[in-house]
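Colleague: I'd like to learn how to read pockets, ring pairs and cores in a model. Can we start with the pockets?

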Amino acid sequence: MATNRLSNNQLAVIALANEFCQAIELAPSVAPNEFIEKMVRLLPRIYISVTDLSADQYSDPEYALDAMHLDEAYYNQVRDNIAGLLGEDDSYLETFHEDMKYSDTPIAATVSESLADIFQVMYDFVEDVKNSELEQQLEYFSQLRDDFSTYWGQTLCNVMRPLNELSNKDFSDEDEF
């Protein structure tokens, strides 16, 4: 069934992607607890909203996704800002990494890189959608859903575990040494 407007869920995905990007960009100006709390609230909502998008609802190969909007320097700045905010709490052991089944040693990952990877997807998505016609926007939603299934959905789930653990930590004493 063709429609001439975005659904409420699609609008929610855009709003959540924008809110996530803003929270990531503001990370250097907030306390660690505030940042972690924001991520713990946003990431599950993004997960639910994106999984509610139908992966095969739209398919028009006429619309290729635009080039990446987020450059490497900005990606690195975002990642470094989050790493600086979290300090030693940035690292966690990854249990769902593809190489884990072949390894006897744990695989380390970082919250900062995981969030920067999701940021890259959300940033590019928001940039693509904001100046596009409806048909092209629908293709961007389809691509977002496909990429979620094959790549960044697992990253989102994996980073929730250390963020959940950090949400119970008191960061207020750390600068007093």
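Predicted model: local features only at pLDDT ≥ 70, side-chain atom pairs only at ≥ 80, totals over all residues.

Colleague: What's the general idea behind looking for pockets with a probe?

Modeller: Rolling a probe the size of a water molecule over the atoms shows where empty space is left. In this case, the second largest pocket holds about 220 Å³ of space.

Colleague: Which residues lie nearest the centre of the second largest pocket?

Modeller: E94, S114, D117, T155 and N158 do, out of 12 lining residues. By class, that lining has six polar, three charged and three nonpolar residues.

Colleague: And which element gives the largest share of the lining of the second largest pocket?

Modeller: Helix 5, with four residues. Strand 1 (91–94), strand 2 (107–110), helix 4 and helix 5 each put in at least two.

Colleague: OK, on to aromatics. How do I read a ring pair?

Modeller: Look at the distance between ring centres, which has to be within 6.5 Å, then at the angle: planes under 30 degrees apart are stacked, over 60 edge-to-face, and the rest tilted. By that rule there are six aromatic pairs here. Take Y47 and F148: their centres sit 5.2 Å apart with the planes at 65°, so we call the pair edge-to-face.

Colleague: Which parts does the pair of Y47 and F148 tie together?

Modeller: Y47 is in helix 2 (residues 32–51) and F148 in helix 5 (residues 134–166), so the pair bridges parts 101 residues apart in sequence. Y47 is partly exposed at 32% relative accessibility, while F148 is buried at 6%.

Colleague: How about F119 and Y123?

Modeller: Those ring centres are 5.5 Å apart and the planes are at 40°, so that pair is tilted. Both residues lie in helix 4 (residues 111–130), four residues apart, about one turn of the helix. F119 and Y123 are both buried.

Colleague: Last one: how should I think about a core?

Modeller: In soluble globular proteins, nonpolar side chains tend to be buried together. Here the largest nonpolar core has 48 residues, and F20, M39, L43, L115 and W152 touch the most other members. Helix 1 (8–25), helix 2, helix 3 (72–86), helix 4 and helix 5 each give two or more residues to this core.

Terms used
Residues numbered from 1 in each chain as written. Heavy atoms only, no water. Buried < 20%, exposed > 50% of the residue type's maximum accessible area, 1.4 Å probe, protein only. 1 Å grid on protein atoms, 1.4 Å probe; cavity = no way out; pocket = protein on both sides within 12 Å on 5 of 7 lines; lining within 4 Å. Points joined across faces, edges and corners; volume = space filled by probe spheres on them. Nonpolar A, V, L, I, M, F, W, Y, C, P; charged D, E, K, R; others polar. Core = buried A, V, L, I, M, F, W, Y, C linked by side-chain atoms within 4.5 Å.
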